[in-house]
Amino acid sequence: MRVAIIGVGCSKFGELWEKSFREIYLEAGLKAIEDAGIEGKEIEALYVGNMSSGMYLNQEHVAALIADYAGLAELGIPAVRVEAADASGGLALKEAYMAVASGIHKIVVAAGVEKVTDVGDAMKIASSSADQEWECFAGANLPALYALIARLHMKRFGGKEEDLALVAVKNHKNAVNNPIAQFRREISVEEVLNSPYIAEPLKVLDSAPISDGAAAIVLASEEVARKYTDTPVFIECAQASDYVALQNRKDLLTMNAVVKAAREAYRRAKVGAKDIDIAELHDSFTFAEILEYEDLGFAEKGKGYELIREGVTEIGGDLPVNTSGGLKACGHAIGATGIRQAVEIVQQLRNEAGKRQVDAEVGLSLNIGGTGATAIVTIYKR
Amino acid sequence: MIPRFWRKIKYRYSLRGTHCKNCNSYFYPPRDLCPNCRRKGIIEEVNLPTCGRVLSYTVVWGEKGSPYVIALIELENKVKILSQLACRPEEVYDGMEVECTFRKYGEDGDAGIIYYGTKFIPKRGDGYVSKE
Ligand SMILES: [Zn+2]
């Protein structure tokens with residue numbers, strides 16, 4: 001059964017000091033339901049992506065809590081939380097997609113939410129997506145692990161720190177026109193290059209922030225979708241996994257989970273990498289976006305740098321990437337990011353992206369957990 | 001952290017890994033199931049070579065005790081290990097020959113327990129004199 005997204009909503013991303021966990025997801029959820037034009041009572045199930053409410057807020061059992069606070073307690077619908085580090089949102093999308101594709105549910109909501117600014121060491125919690133015993137014990141954090149891959153890749157294929165900076169510059173430029181983005185200001189290559197190292201060769205301005213935020217989408221079967229909207233966006237979704245610790249991967253220059261998830265998503269959607277008009281990628285670090293160009297098949301292995309140098313992935317280029325500003329500039333609300341990416345692609349395919357609008361019929365989003373042990377690829381078509 | 005740490009202590013105090021006799025693969029950290037053979041694998045514990053070379057490295061800033069060097073090291077039998085490299089950031093280079101040693105990693109504030117574990121140092125005989 002074909003699955004369509006019929007409604008989308010997003011809170012602002014950033015440091016939302018004045019808003020609670022409950023307020024953030026309620027805002028996103030209500031926007032999505034309003035956008036879909038459905039009644040709350042029509043929702044048959046809720047899937048929530050959240051990485052670490054336990055560590056960030058001391059609150060577990062958040063799927064039921066969200067359903068409850070969203071006014072769905074009397075309906076008693078199944079509410080499921082899924083976790084795959086910062087791919088939790090993408091995983092919620094995939095589970096919701098499967099629930100509708102299977103024919104078991106006709107209308108479901110997939111949401112992602114993270115509230116990180118209530119605790120001190122957000123990086124330490126985010127780094128718990130890596131292997132605590134054999135990576136973090138040695139003093140490695142997420143930037144350090146990405147840096148190890150980046151150095152190898154740059155040395156092998158001639159990548160420069162300036163190339164990485166171009167990714168940050170592009171994504172910041174795109175965020176200027178995104179009302180929900182955390183950093184709506186342009187930055188220059190020099191600013192990126194002059195920012196301090198966090199894990200060489202990666203610098204402060206190569207890294208996405210860790211943000212508060214929530215996003216929600218309404219999914220429906222094709223038949224139901226057509227009753228509610230003239231512009232359903234159809235999706236196909238696939239997930240893959242890999243070794244968690246870098247030391248166990250045979251090839252450090254390829255994220256195998258990305259390759260596998262992409263291959264399966266392309267197969268299900270009956271498209272190839274060449275058919276993609278727009279993509280939201282997981283630029284937790286600038287380098288990751290370049291590696292993903294290659295592993296998704298947008299560029300040959302080692303040629304990812306050319307796409308950013310030649311402007312192919314800018315708005316106005318052949319394949320705009322991260323028109324939202326990406327994780328880097330729109331913000332990275334960990335478990336919300338995968339759904340936030342879907343919101344951007346849907347708005348683009350419905351021609352509702354305002355000054356960020358590009359001409360696109362087929363979109364792709366890639367959500368990654370940690371350093372690539374989980375990858376979820378979703379393809380969107382009008 | 002404490003039970004999780006001490007449970008694996010023999011693997012941290014010496015370079016113990018595992019080997020699958022069925023497909024001749026080596027693993028560090030040790031694995032009970034071979035990802036190539038799964039239940040058909042025949043796993044045994046082995047000592048791993050204590051020397052290797054730097055495959056990739058990074059200098060970490062902004063963390064406790066930083067700057068320090070994190071390296072991905074390839075041992076002589078091709079097993080990869082992620083470890084801190086006990087040397088100054090400017091000393092490390094690609095392909096640098098290193099050897100295993102045991103060093104302090106940190107302590108648990110309240111309990112006052114000091115964690116030791118595997119670190120690598122530039123291989124002696126390169127004219128290197130450790131400062132620690
Ligand atoms: Zn085996």
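A salt bridge is a side-chain nitrogen of Lys or Arg within 4 Å of a carboxyl oxygen of Asp or Glu. The legends below describe close-up views of a predicted model.

**Figure 1. Salt bridge between Arg81(A) and Glu60(A).** The side chains of these two residues come together with an N to O distance of 2.7 Å. Arg81(A) belongs to strand S3 (residues 79-82) of chain A, while Glu60(A) sits in the loop between helix H2 (53-57) and helix H3 (62-72) of chain A, so the pair ties together parts that are 21 residues apart in sequence. Arg81(A) has a relative accessibility of 28% and therefore counts as partly exposed. Glu60(A) is also partly exposed, its relative accessible area being 44%. Over all chains, the structure holds 30 salt bridges.

**Figure 2. Salt bridge between Glu222(A) and Arg2(A).** The closest N and O atoms of this pair are 3.3 Å apart. Glu222(A) is partly exposed at 23% relative accessibility, and Arg2(A) is partly exposed with a relative accessible area of 38%. Together with Arg226(A), Arg2(A) and Glu222(A) are linked in a network of salt bridges.

**Figure 3. Salt bridge between Arg88(B) and Glu91(B).** In chain B, the side chains of Arg88(B) and Glu91(B) meet at 3.7 Å, N to O. Arg88(B) is partly exposed, with a relative accessible area of 35%. Glu91(B), at 18% relative accessibility, counts as buried, because buried means under 20% relative accessible area.

**Figure 4. Zinc ion with its protein donors in chain B.** The SG atoms of Cys20(B), Cys23(B), Cys34(B) and Cys37(B) are the protein donors, lying 2.2 to 2.3 Å from the zinc ion. Along the chain, the donors follow the spacing C-x2-C-x10-C-x2-C. The four donor atoms subtend angles of 103 to 116° around the zinc ion, and the arrangement is therefore tetrahedral. For four tetrahedral donors, the ideal angle at a metal is 109.5 degrees. Both Cys34(B) and Cys37(B) are buried.

**Figure 5. Helix H15 (residues 337-349) of chain A.** This helix has 13 residues and reaches 19 Å from its first C-alpha to its last, close to the 18 Å expected at 1.5 Å a residue. Twelve of the 13 residues of H15(A) are buried, so the helix is largely enclosed by the rest of the structure. Among the buried residues are Ile339(A), Arg340(A), Glu344(A) and Leu349(A). Just after H15(A), Asn351(A) adopts a positive phi of about 60°.

Key:
Residues numbered from 1 in each chain as written. Chains lettered and ligands numbered in written order. Predicted model: local features only at pLDDT ≥ 70, side-chain atom pairs only at ≥ 80, totals over all residues. Heavy atoms only, no water. Donors = N, O, S within 2.8 Å, 3.2 Å for Na, K, Ca; no water. Tetrahedral: all angles 85-135°; square planar, octahedral: opposite > 155°, others 65-115°. Buried < 20%, exposed > 50% of the residue type's maximum accessible area, 1.4 Å probe, protein only. Helix = DSSP H or I, 4+ residues; strand = E, 2+ residues; numbered from the N terminus. Expected span 1.5 Å × (residues − 1).
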